[in-house]
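Please open the model in a viewer and keep the selection panel at hand. The stops below may be followed in order.

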Amino acid sequence: MSELGSPVIDCDVHCEVPNVGALMPYLSRHWETRLTENAWTGPAGVAHSYPSPVAGEPIDTLEKLRESAPLADLERTILTCYYAVEMIRHPDLTKELASAVNQWLKSEWLDQDPQLLATLVVPVDYPQEAAQEIRKWTRADGFVQVLLPVVSQRTYGNRSYFPIYEAAQERGFVVALHFGGVSGGPPTPTGWPDLYLEESAGMSHVFQGQVLSLVAEGVFQEFPRLRFSLLESGVTWLPSLFWRLDKMWKSYRREIPWVQTAPSSILRERIRATVQPFDAPPDAQLAMNFVEEMELEDLLLYASDRPHVHGCDPTPMLALLEPDRRERILAGNARAWYGLE
Amino acid sequence: MAVTHDPATQQEDAAALRDELIDCDIHHMLPSQAALRPYLSHRWQRYHERFGLRQVLETQYWVTTTHVQAARGDAFPPSGLPPGSDLDFLRSQLLDHWGISYGVLNVTEVFQFSAQRGEYGTALTRAINDFTLAEWLIPEPRLRSSIAITADNAEAAITEIERLGADPRFVQVLMTLRNEAPMGNRRYWPIYRAAAKAGLPIAVHVGGIAGHAPSGAGWFSYYFEMHAGHIQAFQAHTASLVLSGVFDEIPELRIVFVEGGFSWAIPLAWRLDRLHGVLREEVPNLRFEPSHYLRRHFWFTTQPIEEPNTPNQFHSMVQALDLGDRLIFATDYPHWDFDAPDQALPRGLSVEAKRKIYSANARSLYGLPPAAAI
């Protein structure tokens, strides 16, 4: 356990539904019977997004959660439970599963430890139902954000998703785009990759497509208090995307007149990204130079993304930052972003 | 470029430009579809006229753009022909005006022709290559061209590469950005082998119609998104090529990314190396770290030039992957987002660094003889 000398808010930690049985108390009789009869073991999308070399040891108890903390002085932990409910096309089942995961999060985790916060699971492809689910909960329950898997059937700026954003803004929730997701279509603009490695590397460009869409479709104008967290997205691609969006906006703003300032200035206000994984040179000094030169420190939220395996540790880079900047990334940015005391 | 009237920049640019300028992305086109007739057999003339192009519907995104034919307002020739279709006008407005010693043509029609299925696509790409040779390369010795192919029909593509590859006026093989599969897929390897055998790089230019959504996250609504989003496909291709092992199999293979920028490649190289560290069991035969291949096998044209907040960020990005000898200058004439040679590159690049971008890197990539020889 390494020490960085200040409190830490860990913004991306994965707890796992141990088996479908854990959700049964929260499902209707109808679905409990149907799923049991079918001997269903849960959506395959979880293992698809995290095959065994990167899955890590599942965190399915509070003890495992506490033991896995990489840094001392943990102030808050934001749990994210990706359950791939989006790959269930049946409108009632996807909705019930999402609701069951939220109830399970509330009673098995949030009610057990006041330090914990969590991310709401929603039936993302049924935005009206997703909005209903969001409105069942409040910040007082311990939920701080809504999970949208970054791989989606439509880009998230699309108006069809607006009911989700309306509900999230109303409740004061951040919207969290997270690595992974099952859309049924290829996760690249040019067809199916052959390898998991390729798909995993490519997830950063899927994030880029979503950010681009949110800007272009005017989501930030339509929902002036809504904010987006990018979880497990990688962060070092942000400057390159900012440059490109600003440049294209200068040329094409007549097509999207609601975008009235440079996209990078909107995004610097309205998005944050977590530091694990951190795609940077292995040399911590070079990585830190990059963060400073590209003015990233205000955009970053600390996260361990445990138990996932990324083959990198942003801690040495963070240790090199001057204390004030380091403190912001470790906790200050997250406190302000999620409105935490 | 934001810095357009800085006297120091313009002086430096003038010094590097006087040396030589090679433009690696110029778009010529047919003056009319009828101009293709002499290059098509009777059967395909009939087909072209009576059925016409299929697989082009995605280009309806154009309807909300503000640039007619995507062209510079002043690129419409006095002859009344479409921009890029009048050789005399292109000579004076581009080649003579900027003192360009070599220009590399990427014919506009390729973006639709190469997506046509079956024999029709084969006939069209062959015809457009013959048109380019007869009406552009033979009359104008400063011009070079890409060979148009149908990437998803490898057999026809190889025939075309073998037919034209020995002609020094053809300097690369052109694939459109969006095809049926990511570029590392083995269906494309025979094309890469044929190109490598002919000593030609594979150029990849924005465009193409694959049938997949234009992002890994679904369909966009606006042309702004299409245009800003092309870099996603470049990233998907880069990961695919590097991880596929094709560079171990075909070490001579060189990839030229046209109109895709370069700054995304740096964080992608870091990401690929990190993931390779965790997941190398999935690619046990890969001989080097991914960044090794990225650094050695890829070139990037400059237009549309990256415009960071400060010129220093540009330098830092180039330095981070040591790409100074991998950037090659392009104007994208006659398109609206033309990069003017004296204004596009950021302030503060050394004359030597600019010289490499303006000419030396492209000369060595394409093996072009000194300009005096033409």
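Begin by selecting A:Pro277, which is placed in the loop between strand S7 (271-274) and helix H12 (284-293) of chain A. In this predicted model, the peptide bond that joins A:Gln276 and A:Pro277 is cis, with omega about 0°. B:Pro334 belongs to the loop between S8 and helix H13 (351-366) of chain B.

Next, return to chain A for two alanines. Select A:Ala39 in the loop between helix H1 (29-37) and helix H2 (45-49) of chain A; its phi is positive, about 55°, although the residue is not a glycine. Then select A:Ala84, in the loop between strand S2 (74-80) and helix H5 (91-110) of chain A. Phi of A:Ala84 is also positive, near 55°. Which of the surroundings, buried or exposed, applies to A:Ala39? A:Ala39 counts as exposed because it has 7 C-beta neighbours inside 10 Å, whereas A:Ala84 is buried, with 21 other C-beta atoms within 10 Å.

Remain in chain A and display helix H10 (residues 238-252) together with helix H11 (residues 263-270). Their axes come within 8 Å and cross at roughly 135°, so H10(A) and H11(A) are oblique to each other. To see the contact, show A:Phe242, A:Leu245, A:Asp246 and A:Trp249 from H10(A), which meet A:Pro263, A:Ser264 and A:Leu267 from H11(A). By class, this contact comprises five nonpolar residues, one polar and one charged.

Now turn to the sheet of chain B. It is an open sheet of eight strands with parallel pairing, in the order S1-S2-S3-S4-S5-S6-S7-S8. Strand S1 (22-26) and strand S8 (327-328) of chain B stand at the edges; each has a single partner strand, so one side of each lacks a neighbour in the sheet. S1(B) pairs with strand S2 (residues 102-105) of chain B in the parallel sense over three bridges, and B:Ile26 stands opposite B:Leu105 in S2(B). Further along, strand S6 (residues 255-258) and strand S7 (residues 298-301) of chain B are likewise paired in the parallel sense over three bridges. There, B:Val256 stands opposite B:Trp299 in S7(B).

Within the sheet, select B:Met175, which lies in strand S4 (residues 170-176) of chain B. B:Met175 is buried, with 29 other C-beta atoms within 10 Å. Beyond residues up to four places away in sequence, it touches B:Ile149, B:Ala151, B:Ile202 and B:Val204. The C-alpha atoms of B:Met175 and B:Val204 are separated by 4.9 Å, although these residues are 29 apart along the chain.

Widen the view to the largest nonpolar core, which has 221 residues. Among those with the most contacts inside it are A:Ile164, A:Tyr302 and B:Ile149. Helix H8 (residues 223-244) of chain B gives the most to this core, with 12 residues.

Finally, display both chains. Their contact takes 59 residues from chain B and 62 residues from chain A. H8(B) gives the most to the side of chain B that touches chain A, with 15 residues. That side of chain B has 27 nonpolar, 22 polar and 10 charged residues.

Key: Residues are numbered from 1 along each chain as its sequence is written. Chains are lettered from A and ligands numbered from 1 in the order in which they are written. This is a predicted model: local features need pLDDT of at least 70, side-chain atom pairs count only at pLDDT 80 or more; totals for chains, interfaces and linings use all residues. A nonpolar core is a set of buried Ala, Val, Leu, Ile, Met, Phe, Trp, Tyr and Cys residues joined through C-beta atoms within 7 Å. A residue is buried if 20 or more other C-beta atoms lie within 10 Å of its own, exposed if 12 or fewer, and partly exposed in between; C-beta atoms are placed from the backbone. Helices (H or I, at least four residues) and strands (E, at least two) are DSSP runs, numbered from the N terminus. Two residues are in contact if their C-beta atoms, placed from the backbone, lie within 7 Å. Ala, Val, Leu, Ile, Met, Phe, Trp, Tyr, Cys and Pro count as nonpolar, Asp, Glu, Lys and Arg as charged, and the others, Gly among them, as polar. Two strands pair if DSSP finds at least two bridges between them. Axes are lines fitted to C-alpha atoms, for helices over the stretch in contact, and angles run from 0 to 180 degrees between N-to-C directions. Angles under 35 degrees count as roughly parallel, over 145 as roughly antiparallel, 65 to 115 as roughly perpendicular and the rest as oblique.
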